[in-house]
Amino acid sequence: MTSFTNIPRRRFLQYSGFTLASLYAIPSWLQAMEKKPLAVATPNFHPDVELELVAKPASIGVLPGTLTNVQKYYGSVIKGPANTFTDIPGSYLGPVLRLQKGQKVRIHFRNELEDTCITHWHGMHVPHLADGHPMYAISKGETWVYEFEVLNRAGTYFYHPHTHEMTGKQVYSGLSGMIIVEDEEEKKLGLPAGEFEIPIAIQDRSFDADNQLVFVTHNMERMMGFHGDRILINGKPNNEFEVASRAYRLRIANGSNARIYKLAWDDGSPITVLGVDGGLLDAPLNKPYVMMGPGERLDVWADFSGREVGAVLTLRSKPFHGVLPPMHDKMMAMMGHGGEAKASENKPAQGMEHGSSGGMGMGMMGGMGGMNHGVEAKASENKPAQGMQHGSGGGMGMGMMGGMGGMNHGGDQPKAGEGKPGQAMEHGGGGMGMMGGGKGMGMMNMPGMKLPLGTDYPICQFRVTRKSTDSLKLPEKLSTIRRFEAKDTANPDKPIPIGISEGMMSMLLNGRPFKMDDVQEFEKVKVNTVQLIDIFHDHDMGDKGPEGQKPAEGMQHGGESKPAPAAGMEHGQTGNAAGGMAGMNHGGGGMGMGMMGGGMMGGMMNQGATGKPSGEGMGGMDHGGGSKPASGGMDHGGGGQASGMGMGMMGGGMGGMGGGGMGGMMSMSMAHPIHLHGQQFQILSRSLDMKEGDGYDTVKDGFINVGWKDVVLVMPGERVRIAKPFDNFTGLFTYHCHNLEHEDMGMMRDFLVI
Ligand SMILES: [Cu+2]
């Protein structure tokens with residue numbers, strides 16, 4: 001009961017006299033000057049459950065050897081059932097929070113971190129003040145008191161920080177935990193419980209040689225979202241569960257910052273789905289595989305009853321593609337297969353041949369293959385020189401990757417490096433810059449390169465270690481869900497837009513970044529209504545986006561990011577590459593950014609062709625949003641050289657796309673897990689506005705479009721229509737991308753429920 005006295009008395013402020021209306025009548029600059037009020041315990045709220053939750057630094061033995069410095073939630077029960085919190089021994093994850101529908105809950109959240117922090121109860125339908133809005137982040141030593149009644153259906157939810165621009169970092173550091181809500185309806189089903197109910201939080205993390213967490217080091221990782229190189233389950237690396245030969249209930253949560261999984265059993269059995277984000281489905285659903293974007297949850301019936309002792313069943317993430325911008329998608333694919341393919345198949349030379357017909361992507365890949373294999377194969381088989389020489393003829397792609405290969409070898413083998421990396425850079429022009437974000441080898445440090453997204457790898461396995469006579473039967477019916485249609489909403493003819501705005505270094509929603517006080521007219525929602533919402537990729541954003549958020553601006557942001565150019569320059573020096581360096585200087589956050597969109601290509605290509613940086617390169621960048629630079633790129637490309645082919649192609653691609661950097665290989669379009677706070681929604685329809693490659697076919701059977709959801713993975717070119725109730729509570733409720741790097745970049749907005 002000590003936590004009460006820890007709340008600084010002088011900062012007590014009753015919210016009864018502090019309405020949202022008054023909050024939003026105050027100009028933001030004035031608001032910022034006022035002392036932020038803390039939420040405190042209210043005398044007329046009588047909790048059934050009272051908890052303390054503390055976020056603080058900790059050291060945990062995640063891997064053998066040195067402890068890992070993390071940030072962790074610690075919970076204690078002040079009042080209520082002792083099993084409200086269940087610790088996961090030895091994990092950096094917070095304790096599992098088990099709540100009952102109808103319970104009145106008070107949680108004293110204390111921040112013991114150096115940074116500000118606020119906690120959000122993902123998927124929980126709670127009042128604005130209890131939702132963990134970023135505006136309420138508290139400082140070290142402060143306490144925020146949450147009070148809410150559990151209105152949610154039984155289901156799997158989770159809690160994590162929602163701190164402005166720091167959510168990704170804080171979650172990655174360890175701050176999150178699972179929430180299980182139980183209710184009477186579900187209890188009647190007699191689903192596997194106790195030791196037969198297994199929470200499975202899937203996360204990916206990278207560690208350095210000293211067992212410390214490695215997070216975003218360059219802008220490309222921010223753009224794609226951070227992908228770690230090993231899978232942890234419940235914060236642990238050895239993911240085997242010993243089970244009895246009977247039915248289990250697996251509560252799976254994708255707690256990764258950005259990684260998308262395609263879950264399937266390795267023996268081809270279907271995944272039997274009991275529920276999704278917002279609880280049980282009407283009836284169990286068998287799926288060949290299930291796609292899980294960050295923030296999504298999955299309730300699975302796993303029946304081991306037919307299996308012998310000693311049998312092992314593995315849950316894997318199976319191959320898929322098309323969730324990253326096309327260029328990166330190809331890279332991932334090549335990285336994934338590179339290990340198996342023969343070096344000769346990935347020779348830069350071949351890559352180039354493909355490059356001339358397939359455009360830049362292939363050219364790039366060829367070079368990349370060379371790089372990948374270069375490590376094991378002889379340098380001579382994958383000569384950077386080849387990549388480079390051809391690069392100058394085959395277009396940027398080759399030069400670029402050739403350059404990388406050269407650099408890679410250059411580091412380990414001085415011989416391979418003689419003069420070659422330099423050449424690569426000269427010919428490649430911006431080649432080096434393209435990959436050169438961040439530190440060191442650029443490409444090799446691309447997000448998730450050690451565990452490429454969309455490849456085949458194990459998640460966890462279940463070993464049958466004992467016979468069981470329990471014979472639970474899968475219920476035929478689980479719940480009753482009223483199915484909404486567009487006509488049941490308040491706005492069937494005028495859906496609220498959630499436009500996914502993708503550009504260089506700027507991932508936004510509805511063309512606007514997150515701001516604490518920037519609610520647009522269409523973001524105001526009447527309480528106790530069901531709203532039709534349309535989530536789609538807003539490809540025109542560059543033209544009609546609000547001032548200051550055009551792609552050109554995005555590039556300027558790229559320019560501000562120091563780490564990439566700096567690192568690139570390091571290599572430029574060792575590689576003796578004036579061209580590369582120039583590209584970098586002008587490219588700001590690396591040519592990679594520029595490469596993918598806007599008219600930047602024009603400038604880049606020009607550089608590639610002449611081998612010199614030129615003023616025109618800059619021009620291309622500045623005009624990134626428009627369509628003219630793109631055709632400019634074409635002109636340069638066509639400029640009567642052997643290299644004209646590759647360039648022409650790229651330029652042509654851009655010309656076709658127009659501004660905004662959309663479409664084809666230049667597209668930044670990728671999959672986004674869109675999350676809406678507050679109540680769950682129903683998915684009414686999914687459709688493709690624009691088919692981007694065949695990636696969609698590798699994921700579409702893994703979407704669950706029934707039941708109640710609070711995150712929906714929206715594929716490139718896809719339009720998802722949802723119906724969402726806004727009951728009970730007024731105030732601000734955010735909607736955002738649950739790729740946490742995107743969220744932190746500003747891909748978040750507020751609904752103001754009034
Ligand atoms: Cu996103």
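Here are some notes on this predicted model, point by point.

1. Confidence first. The average pLDDT of the protein is 72, and 63% of its residues score at least 70. Two stretches deserve a flag before you set anything up. Residues 1-35 have a pLDDT below 50, and in the model this stretch makes 23 contacts beyond near neighbours in sequence. Residues 337-445 also have a pLDDT below 50, with 303 contacts beyond near neighbours in sequence. Where pLDDT is low, the predicted coordinates should not be read in detail.

2. The overall picture. The protein has 754 residues, and 58% of them count as buried. Its secondary structure comprises 23 helices and 31 strands. Among contacts with a separation of 6 or more, 78% are between residues 24 or more positions apart.

3. The nonpolar core. The largest one holds 133 residues, and the members that touch the most others are Ile179, Val290, Val300, Val712, Val714 and Ile722. Strand 14 (residues 247-254) supplies the largest share of this core, namely five residues. Leaving aside residues up to four places away in sequence, Ile722 touches Ile533, Ile535, Phe681, Gln682, Ile683, Leu684 and Val712.

4. One place to look is Gly731, whose bridge partner in strand 31 is Val753.

5. Pairing around strand 4. Strands of a sheet pair through backbone hydrogen bonds, either parallel or antiparallel. Both senses turn up here. Strand 3 (residues 85-86) pairs with strand 4 (residues 96-100) in the antiparallel sense over two bridges, and Phe85 has Leu97 of strand 4 as its bridge partner. Strand 4 also runs parallel to strand 9 (residues 177-182), joined to it by four bridges.

6. Two backbone angles to check. Glu165 is not a glycine, yet has a positive phi of about 65°. Glu165 lies in the loop between strand 8 (155-161) and helix 4 (167-172). With 17 other C-beta atoms within 10 Å, Asn211 is partly exposed.

7. A proline pair. Pro64 belongs to the loop between strand 1 (49-60) and strand 2 (68-79). Pro64 is exposed, because it has 7 other C-beta atoms within 10 Å and the cut-off for exposed is 12 or fewer. How many residues separate Pro64 from Pro237 in sequence? The answer is 173, while in space the two are 9.9 Å apart, C-alpha to C-alpha.

Definitions and conventions:
Residues are numbered from 1 along each chain as its sequence is written. This is a predicted model: local features need pLDDT of at least 70, side-chain atom pairs count only at pLDDT 80 or more; totals for chains, interfaces and linings use all residues. A nonpolar core is a set of buried Ala, Val, Leu, Ile, Met, Phe, Trp, Tyr and Cys residues joined through C-beta atoms within 7 Å. A residue is buried if 20 or more other C-beta atoms lie within 10 Å of its own, exposed if 12 or fewer, and partly exposed in between; C-beta atoms are placed from the backbone. Two residues are in contact if their C-beta atoms, placed from the backbone, lie within 7 Å. Two strands pair if DSSP finds at least two bridges between them. pLDDT is the predictor's confidence in each residue, from 0 to 100.
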